[in-house]
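Subject: Structure for you to look at

Dear colleague,

Here is the structure I said I would pass on, with my notes below it. Please read them with the model open beside you.

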Amino acid sequence: MATYRAPKGTKDVLPEESYRWQHLEGLIRKIVEKYGLLEARTPVIEHTELFLRSVGETTDVVQKEMYTFLDKGERSITLKPEGTAGAVRMFIENGLFSEAQPTKLFYLYCPVFRYERPQAGRLREHHQFGIEIFGSKEPSADAEAIAIATELFDSIGVGELKVKLNSIGCPKCRGEYQRALKEYYAQQYEKLCPACKERFERNPLRLLDCKEEHCHRIAQNAPHTMDYVCEECKEHMEKLENYLELMGIEYECDPMLVRGLDYYTKTVFEIVSDMGGAQGTLCGGGRYDGLIKELGGPEMPAVGFGLGMERVLLLMEQSGIEIEKPYRYEIMLISMDERSKNAAFKLCFDLRNRGVRADCDHMGRSVKAQMKYASKVEAVHCVVIGQNELDSGMAKLKNMFTGQEQEVRLDPDAIIERMDR
(Lines give C-alpha, C1' and ligand atoms only; values in the text may rest on other atoms or scores of the structure.)
Protein backbone atom coordinates (compact mmCIF):
# COMPACT_ATOMS: atom_id res chain seq x y z
CA MET A 1 0.00 0.00 0.00
CA ALA A 2 1.34 3.44 -0.96
CA THR A 3 2.10 5.79 1.90
CA TYR A 4 1.29 9.43 1.26
CA ARG A 5 2.66 12.28 3.32
CA ALA A 6 1.78 15.95 3.49
CA PRO A 7 4.14 18.09 1.36
CA LYS A 8 7.17 19.48 3.15
CA GLY A 9 6.37 22.72 4.93
CA THR A 10 2.68 21.90 5.47
CA LYS A 11 1.05 20.55 8.59
CA ASP A 12 -2.23 18.89 9.48
CA VAL A 13 -4.34 20.31 12.29
CA LEU A 14 -5.51 17.14 14.00
CA PRO A 15 -9.07 16.93 15.40
CA GLU A 16 -7.82 16.88 19.00
CA GLU A 17 -5.75 20.04 18.36
CA SER A 18 -8.39 22.15 16.63
CA TYR A 19 -9.74 23.60 19.88
CA ARG A 20 -6.50 25.61 20.24
CA TRP A 21 -7.14 27.29 16.89
CA GLN A 22 -10.78 27.89 17.77
CA HIS A 23 -9.77 29.50 21.06
CA LEU A 24 -7.40 31.94 19.32
CA GLU A 25 -9.92 32.66 16.57
CA GLY A 26 -12.57 33.36 19.21
CA LEU A 27 -10.31 35.89 20.95
CA ILE A 28 -9.64 37.61 17.64
CA ARG A 29 -13.31 37.84 16.72
CA LYS A 30 -14.19 39.40 20.08
CA ILE A 31 -11.51 42.06 19.66
CA VAL A 32 -12.19 43.07 16.04
CA GLU A 33 -15.93 43.20 16.76
CA LYS A 34 -15.30 46.00 19.27
CA TYR A 35 -13.49 48.00 16.59
CA GLY A 36 -16.22 47.53 13.99
CA LEU A 37 -14.19 45.40 11.57
CA LEU A 38 -16.08 43.10 9.19
CA GLU A 39 -14.72 39.82 7.84
CA ALA A 40 -13.62 39.47 4.21
CA ARG A 41 -12.54 36.28 2.42
CA THR A 42 -10.54 36.42 -0.79
CA PRO A 43 -9.46 33.60 -3.13
CA VAL A 44 -6.36 31.53 -2.45
CA ILE A 45 -5.19 32.18 -6.03
CA GLU A 46 -4.69 35.53 -7.75
CA HIS A 47 -3.16 36.67 -11.02
CA THR A 48 0.61 36.88 -10.59
CA GLU A 49 0.72 40.48 -11.80
CA LEU A 50 -1.17 41.56 -8.69
CA PHE A 51 1.77 40.60 -6.48
CA LEU A 52 4.43 41.87 -8.87
CA ARG A 53 2.84 45.34 -8.75
CA SER A 54 2.04 45.38 -5.04
CA VAL A 55 4.61 43.32 -3.15
CA GLY A 56 7.44 44.38 -5.47
CA GLU A 57 9.61 42.52 -8.00
CA THR A 58 12.80 43.01 -5.96
CA THR A 59 11.44 41.60 -2.69
CA ASP A 60 12.45 38.17 -1.41
CA VAL A 61 8.78 37.16 -1.52
CA VAL A 62 8.56 37.66 -5.29
CA GLN A 63 12.09 36.62 -6.21
CA LYS A 64 12.39 33.51 -4.04
CA GLU A 65 9.18 32.49 -2.30
CA MET A 66 6.07 32.65 -4.51
CA TYR A 67 4.26 29.56 -5.77
CA THR A 68 3.54 30.54 -9.37
CA PHE A 69 2.26 28.40 -12.25
CA LEU A 70 0.51 28.60 -15.61
CA ASP A 71 -3.10 27.41 -15.65
CA LYS A 72 -4.69 25.59 -18.60
CA GLY A 73 -5.41 28.95 -20.21
CA GLU A 74 -1.69 29.85 -20.07
CA ARG A 75 -2.42 32.51 -17.44
CA SER A 76 0.17 33.07 -14.72
CA ILE A 77 -1.45 32.28 -11.38
CA THR A 78 0.06 32.57 -7.89
CA LEU A 79 -0.96 31.10 -4.56
CA LYS A 80 -1.24 34.23 -2.43
CA PRO A 81 1.90 34.91 -0.37
CA GLU A 82 0.22 37.58 1.81
CA GLY A 83 -3.26 38.96 2.43
CA THR A 84 -3.17 42.69 1.68
CA ALA A 85 -2.87 42.63 -2.12
CA GLY A 86 -5.94 40.41 -2.49
CA ALA A 87 -7.90 42.56 -0.05
CA VAL A 88 -7.06 45.70 -2.04
CA ARG A 89 -8.01 43.98 -5.30
CA MET A 90 -11.35 43.01 -3.75
CA PHE A 91 -11.86 46.57 -2.46
CA ILE A 92 -11.33 48.03 -5.95
CA GLU A 93 -13.10 45.36 -8.00
CA ASN A 94 -16.27 45.56 -5.91
CA GLY A 95 -16.36 49.36 -5.74
CA LEU A 96 -16.14 49.49 -1.96
CA PHE A 97 -14.31 52.82 -2.27
CA SER A 98 -17.66 54.45 -3.13
CA GLU A 99 -19.12 53.54 0.28
CA ALA A 100 -18.78 55.56 3.48
CA GLN A 101 -15.18 55.49 4.67
CA PRO A 102 -13.19 54.17 6.36
CA THR A 103 -13.67 50.59 5.24
CA LYS A 104 -12.51 48.40 8.12
CA LEU A 105 -12.09 44.69 7.46
CA PHE A 106 -10.25 41.63 8.70
CA TYR A 107 -9.44 38.18 7.41
CA LEU A 108 -8.99 35.26 9.75
CA TYR A 109 -8.91 32.04 7.77
CA CYS A 110 -6.31 33.18 5.27
CA PRO A 111 -3.92 30.46 4.02
CA VAL A 112 -0.75 31.94 2.50
CA PHE A 113 2.06 30.17 0.67
CA ARG A 114 5.78 30.93 0.63
CA TYR A 115 8.53 28.65 -0.56
CA GLU A 116 11.13 28.98 2.17
CA ARG A 117 12.97 26.72 4.58
CA PRO A 118 10.36 25.43 7.05
CA GLN A 119 11.10 26.36 10.66
CA ALA A 120 9.33 26.53 13.99
CA GLY A 121 6.10 28.47 13.57
CA ARG A 122 6.78 29.28 9.93
CA LEU A 123 5.62 26.84 7.27
CA ARG A 124 5.34 26.96 3.49
CA GLU A 125 1.60 26.94 3.96
CA HIS A 126 0.59 28.94 7.00
CA HIS A 127 -2.42 31.01 8.04
CA GLN A 128 -2.72 34.72 8.65
CA PHE A 129 -4.95 36.97 10.64
CA GLY A 130 -4.85 40.47 9.23
CA ILE A 131 -6.73 43.74 9.21
CA GLU A 132 -7.02 46.51 6.64
CA ILE A 133 -8.34 50.04 7.19
CA PHE A 134 -9.00 51.76 3.87
CA GLY A 135 -9.75 55.43 3.36
CA SER A 136 -8.15 57.14 6.38
CA LYS A 137 -4.92 59.13 6.21
CA GLU A 138 -5.07 59.98 9.91
CA PRO A 139 -2.41 58.54 12.25
CA SER A 140 -5.25 57.54 14.57
CA ALA A 141 -5.96 54.69 12.11
CA ASP A 142 -2.34 53.54 12.41
CA ALA A 143 -2.68 53.66 16.20
CA GLU A 144 -5.91 51.66 16.07
CA ALA A 145 -4.24 48.94 13.99
CA ILE A 146 -1.39 48.67 16.49
CA ALA A 147 -3.90 48.68 19.37
CA ILE A 148 -5.79 45.71 17.90
CA ALA A 149 -2.58 43.70 17.61
CA THR A 150 -1.34 44.58 21.11
CA GLU A 151 -4.76 43.89 22.64
CA LEU A 152 -4.71 40.42 21.10
CA PHE A 153 -1.35 39.59 22.65
CA ASP A 154 -2.44 41.10 25.96
CA SER A 155 -5.62 38.99 25.96
CA ILE A 156 -3.55 35.87 25.24
CA GLY A 157 -1.33 36.70 28.17
CA VAL A 158 2.11 36.49 26.58
CA GLY A 159 4.95 38.71 27.72
CA GLU A 160 8.42 39.62 26.46
CA LEU A 161 7.02 41.40 23.40
CA LYS A 162 8.13 44.69 21.88
CA VAL A 163 6.36 47.09 19.54
CA LYS A 164 8.91 48.47 17.06
CA LEU A 165 8.06 51.57 15.06
CA ASN A 166 9.57 53.57 12.20
CA SER A 167 8.67 55.85 9.32
CA ILE A 168 10.06 55.12 5.86
CA GLY A 169 8.74 58.37 4.41
CA CYS A 170 6.53 59.03 1.42
CA PRO A 171 7.24 59.39 -2.33
CA LYS A 172 7.96 63.11 -1.78
CA CYS A 173 10.85 62.54 0.61
CA ARG A 174 12.01 59.00 -0.05
CA GLY A 175 14.09 60.00 -3.07
CA GLU A 176 16.52 62.02 -0.95
CA TYR A 177 16.87 59.17 1.50
CA GLN A 178 17.50 56.66 -1.28
CA ARG A 179 20.26 58.88 -2.70
CA ALA A 180 21.93 58.98 0.73
CA LEU A 181 21.50 55.22 1.05
CA LYS A 182 23.12 54.59 -2.35
CA GLU A 183 26.04 56.86 -1.50
CA TYR A 184 26.67 54.83 1.65
CA TYR A 185 26.26 51.44 -0.02
CA ALA A 186 28.40 52.43 -3.03
CA GLN A 187 31.38 52.32 -0.67
CA GLN A 188 30.37 48.80 0.45
CA TYR A 189 29.24 47.50 -2.94
CA GLU A 190 31.86 44.76 -3.40
CA LYS A 191 31.01 43.28 0.02
CA LEU A 192 27.30 42.89 -0.80
CA CYS A 193 25.62 39.58 -1.60
CA PRO A 194 24.48 39.08 -5.23
CA ALA A 195 20.83 39.84 -4.33
CA CYS A 196 21.81 43.12 -2.65
CA LYS A 197 23.88 44.17 -5.65
CA GLU A 198 20.68 43.88 -7.69
CA ARG A 199 18.70 45.73 -5.01
CA PHE A 200 21.29 48.50 -5.08
CA GLU A 201 20.28 49.29 -8.66
CA ARG A 202 16.56 48.58 -8.52
CA ASN A 203 15.33 49.28 -4.97
CA PRO A 204 17.92 50.57 -2.44
CA LEU A 205 15.47 50.46 0.48
CA ARG A 206 15.46 46.66 0.28
CA LEU A 207 19.17 46.67 1.20
CA LEU A 208 18.19 47.26 4.82
CA ASP A 209 16.02 44.14 4.83
CA CYS A 210 18.65 41.60 3.75
CA LYS A 211 18.93 38.56 6.02
CA GLU A 212 22.55 37.72 5.05
CA GLU A 213 24.73 38.24 8.12
CA HIS A 214 27.46 40.36 6.49
CA CYS A 215 24.87 42.53 4.70
CA HIS A 216 23.01 42.92 8.00
CA ARG A 217 26.21 44.22 9.64
CA ILE A 218 26.71 46.73 6.84
CA ALA A 219 23.13 47.96 7.28
CA GLN A 220 23.76 48.82 10.94
CA ASN A 221 25.72 51.95 9.95
CA ALA A 222 23.44 53.02 7.08
CA PRO A 223 21.65 56.41 7.15
CA HIS A 224 18.40 56.49 9.14
CA THR A 225 15.09 57.16 7.43
CA MET A 226 13.87 59.62 10.07
CA ASP A 227 16.79 61.93 9.27
CA TYR A 228 15.39 62.44 5.76
CA VAL A 229 11.58 62.38 6.06
CA CYS A 230 9.59 65.49 5.14
CA GLU A 231 7.63 67.60 7.63
CA GLU A 232 4.36 65.85 6.76
CA CYS A 233 5.80 62.41 7.49
CA LYS A 234 7.52 63.66 10.64
CA GLU A 235 4.24 65.17 11.88
CA HIS A 236 2.40 61.94 11.09
CA MET A 237 4.91 59.99 13.16
CA GLU A 238 4.71 62.43 16.08
CA LYS A 239 0.90 62.21 16.14
CA LEU A 240 1.03 58.42 16.00
CA GLU A 241 3.41 58.33 18.94
CA ASN A 242 1.05 60.63 20.84
CA TYR A 243 -1.92 58.32 20.19
CA LEU A 244 0.06 55.30 21.34
CA GLU A 245 1.03 57.11 24.53
CA LEU A 246 -2.60 58.08 25.12
CA MET A 247 -3.50 54.38 24.98
CA GLY A 248 -0.57 53.42 27.19
CA ILE A 249 1.05 51.31 24.47
CA GLU A 250 4.81 51.11 24.93
CA TYR A 251 6.96 51.16 21.80
CA GLU A 252 10.49 51.74 20.64
CA CYS A 253 11.64 53.49 17.47
CA ASP A 254 13.80 51.27 15.26
CA PRO A 255 15.54 53.18 12.41
CA MET A 256 16.42 49.88 10.69
CA LEU A 257 12.81 48.75 10.37
CA VAL A 258 11.62 48.89 6.75
CA ARG A 259 9.47 45.71 6.35
CA GLY A 260 9.89 43.32 3.43
CA LEU A 261 7.20 44.52 1.01
CA ASP A 262 7.42 47.46 -1.39
CA TYR A 263 3.97 48.95 -0.86
CA TYR A 264 4.65 50.49 2.57
CA THR A 265 4.77 54.28 3.08
CA LYS A 266 5.23 56.35 6.25
CA THR A 267 4.42 54.09 9.21
CA VAL A 268 5.89 50.62 9.52
CA PHE A 269 5.69 48.56 12.70
CA GLU A 270 6.40 45.10 14.07
CA ILE A 271 5.64 43.19 17.23
CA VAL A 272 8.59 40.95 18.03
CA SER A 273 9.32 38.20 20.52
CA ASP A 274 12.63 37.08 22.00
CA MET A 275 11.37 33.63 22.93
CA GLY A 276 13.03 30.50 21.55
CA GLY A 277 11.40 28.93 18.54
CA ALA A 278 9.02 31.85 18.06
CA GLN A 279 11.93 34.30 17.93
CA GLY A 280 11.47 37.17 15.51
CA THR A 281 8.51 39.01 14.12
CA LEU A 282 5.06 37.86 15.23
CA CYS A 283 3.10 40.70 13.63
CA GLY A 284 4.05 43.24 10.99
CA GLY A 285 2.27 46.03 9.20
CA GLY A 286 2.12 49.67 8.34
CA ARG A 287 0.68 52.27 6.02
CA TYR A 288 0.40 51.80 2.24
CA ASP A 289 -1.12 54.99 0.92
CA GLY A 290 -0.24 54.41 -2.74
CA LEU A 291 -1.27 50.79 -3.19
CA ILE A 292 -4.95 51.28 -4.00
CA LYS A 293 -4.11 53.71 -6.80
CA GLU A 294 -1.23 51.53 -8.00
CA LEU A 295 -3.65 48.62 -8.47
CA GLY A 296 -6.16 50.68 -10.45
CA GLY A 297 -8.35 52.25 -7.78
CA PRO A 298 -8.76 55.86 -6.69
CA GLU A 299 -6.10 57.67 -4.71
CA MET A 300 -6.92 56.49 -1.21
CA PRO A 301 -4.78 55.84 1.89
CA ALA A 302 -4.72 52.60 3.88
CA VAL A 303 -3.08 50.89 6.84
CA GLY A 304 -3.06 47.33 8.16
CA PHE A 305 -1.12 44.37 9.52
CA GLY A 306 -0.81 40.61 9.31
CA LEU A 307 0.30 37.93 11.74
CA GLY A 308 0.89 34.20 11.46
CA MET A 309 -1.52 32.08 13.46
CA GLU A 310 0.93 29.17 13.78
CA ARG A 311 3.59 31.42 15.29
CA VAL A 312 1.17 32.84 17.83
CA LEU A 313 0.03 29.36 18.85
CA LEU A 314 3.66 28.31 19.21
CA LEU A 315 4.39 31.35 21.36
CA MET A 316 1.43 30.51 23.60
CA GLU A 317 2.74 26.98 24.02
CA GLN A 318 6.26 28.16 24.85
CA SER A 319 4.87 30.71 27.29
CA GLY A 320 3.12 27.93 29.18
CA ILE A 321 -0.33 29.31 28.40
CA GLU A 322 -2.82 26.50 28.72
CA ILE A 323 -6.04 26.51 26.75
CA GLU A 324 -8.85 24.62 28.45
CA LYS A 325 -9.87 21.71 26.28
CA PRO A 326 -13.67 21.66 25.93
CA TYR A 327 -15.59 18.51 26.71
CA ARG A 328 -16.42 16.72 23.50
CA TYR A 329 -19.54 15.08 24.94
CA GLU A 330 -21.64 16.16 27.88
CA ILE A 331 -23.40 12.81 27.89
CA MET A 332 -22.99 9.34 26.37
CA LEU A 333 -26.08 7.14 26.03
CA ILE A 334 -25.25 3.45 26.57
CA SER A 335 -27.61 0.85 25.09
CA MET A 336 -27.94 -2.85 26.02
CA ASP A 337 -29.92 -4.31 23.09
CA GLU A 338 -31.66 -3.38 19.84
CA ARG A 339 -34.76 -1.94 21.51
CA SER A 340 -32.73 0.22 23.88
CA LYS A 341 -30.45 1.27 21.01
CA ASN A 342 -33.45 2.82 19.25
CA ALA A 343 -34.44 4.59 22.46
CA ALA A 344 -30.88 5.84 23.00
CA PHE A 345 -30.70 7.09 19.43
CA LYS A 346 -33.99 9.02 19.78
CA LEU A 347 -32.99 10.46 23.17
CA CYS A 348 -29.61 11.49 21.77
CA PHE A 349 -31.37 13.34 18.93
CA ASP A 350 -33.73 15.10 21.38
CA LEU A 351 -30.82 16.18 23.62
CA ARG A 352 -28.88 17.60 20.67
CA ASN A 353 -31.95 19.58 19.65
CA ARG A 354 -31.78 21.17 23.10
CA GLY A 355 -28.13 22.15 22.68
CA VAL A 356 -26.51 19.24 24.51
CA ARG A 357 -23.33 17.62 23.17
CA ALA A 358 -24.52 14.01 23.18
CA ASP A 359 -23.69 10.74 21.46
CA CYS A 360 -24.67 7.07 21.42
CA ASP A 361 -23.11 3.83 20.17
CA HIS A 362 -22.40 3.57 16.42
CA MET A 363 -20.03 0.57 16.54
CA GLY A 364 -22.20 -2.23 17.92
CA ARG A 365 -20.09 -2.42 21.07
CA SER A 366 -20.95 -4.32 24.24
CA VAL A 367 -22.10 -2.37 27.28
CA LYS A 368 -18.65 -2.73 28.83
CA ALA A 369 -16.95 -1.50 25.66
CA GLN A 370 -19.37 1.43 25.42
CA MET A 371 -18.52 2.45 28.98
CA LYS A 372 -14.82 2.17 28.22
CA TYR A 373 -15.26 4.33 25.12
CA ALA A 374 -17.26 6.94 27.08
CA SER A 375 -14.39 7.15 29.55
CA LYS A 376 -11.77 7.39 26.79
CA VAL A 377 -13.50 10.32 25.06
CA GLU A 378 -14.00 11.93 28.49
CA ALA A 379 -17.78 12.16 28.34
CA VAL A 380 -18.98 14.01 31.44
CA HIS A 381 -22.08 11.86 32.02
CA CYS A 382 -23.50 8.58 30.88
CA VAL A 383 -26.88 6.88 31.04
CA VAL A 384 -27.26 3.12 30.62
CA ILE A 385 -30.53 2.14 28.95
CA GLY A 386 -31.83 -1.44 29.03
CA GLN A 387 -35.17 -3.26 29.23
CA ASN A 388 -35.73 -2.36 32.91
CA GLU A 389 -35.05 1.33 32.22
CA LEU A 390 -37.41 1.35 29.26
CA ASP A 391 -40.18 -0.36 31.22
CA SER A 392 -39.89 1.94 34.25
CA GLY A 393 -39.04 5.11 32.33
CA MET A 394 -36.22 5.71 34.83
CA ALA A 395 -32.44 5.36 34.55
CA LYS A 396 -29.27 6.29 36.41
CA LEU A 397 -27.38 9.40 35.35
CA LYS A 398 -23.72 8.91 36.22
CA ASN A 399 -21.07 11.64 36.46
CA MET A 400 -18.02 9.96 34.93
CA PHE A 401 -15.58 12.15 36.85
CA THR A 402 -17.04 11.97 40.36
CA GLY A 403 -18.75 8.59 40.08
CA GLN A 404 -21.95 10.08 41.56
CA GLU A 405 -25.19 8.52 40.33
CA GLN A 406 -28.77 9.76 40.52
CA GLU A 407 -32.15 8.52 39.35
CA VAL A 408 -33.56 10.42 36.41
CA ARG A 409 -36.55 10.09 34.09
CA LEU A 410 -35.74 9.04 30.51
CA ASP A 411 -36.82 12.44 29.29
CA PRO A 412 -34.43 14.98 27.68
CA ASP A 413 -35.58 17.91 29.81
CA ALA A 414 -35.37 15.88 33.02
CA ILE A 415 -31.86 14.71 32.14
CA ILE A 416 -30.69 18.25 31.33
CA GLU A 417 -32.04 19.49 34.65
CA ARG A 418 -29.94 16.94 36.56
CA MET A 419 -26.73 17.29 34.51
CA ASP A 420 -23.70 19.23 35.76
CA ARG A 421 -23.22 21.81 32.99
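A disulfide is taken here as a pair of cysteine sulfur atoms within 2.5 Å, and a search of the whole structure finds zero of them. C193 is in no disulfide, its nearest cysteine sulfur being that of C196, 3.7 Å away, and at 9% relative accessibility C193 counts as buried (under 20% relative accessible area, with exposed meaning over 50% and partly exposed in between, for a 1.4 Å probe and protein chains only). C196 is likewise in no disulfide, the nearest cysteine sulfur, that of C210, lying 3.6 Å away, and C196 is buried at 1% relative accessibility.

Please bear in mind that this is a predicted model, in which local features need pLDDT of at least 70 and side-chain atom pairs count only at pLDDT 80 or more, while totals for chains, interfaces and linings use all residues. Residues are numbered from 1 along each chain as its sequence is written, and side-chain values use heavy atoms, leaving out hydrogens and water.

Turning to the fold, strands (E, at least two residues) and helices (H or I, at least four) are DSSP runs numbered from the N terminus, and two strands pair if DSSP finds at least two bridges between them. Eight strands form an open sheet with mixed pairing, in the order β1-β5-β6-β11-β10-β9-β7-β8, and its edge strands, β1 (38–39) and β8 (252–253), each pair on one side only. Strands β5 (residues 103–113) and β6 (residues 125–134) are antiparallel partners over nine bridges, with K104 standing opposite I133 in β6.

Best wishes
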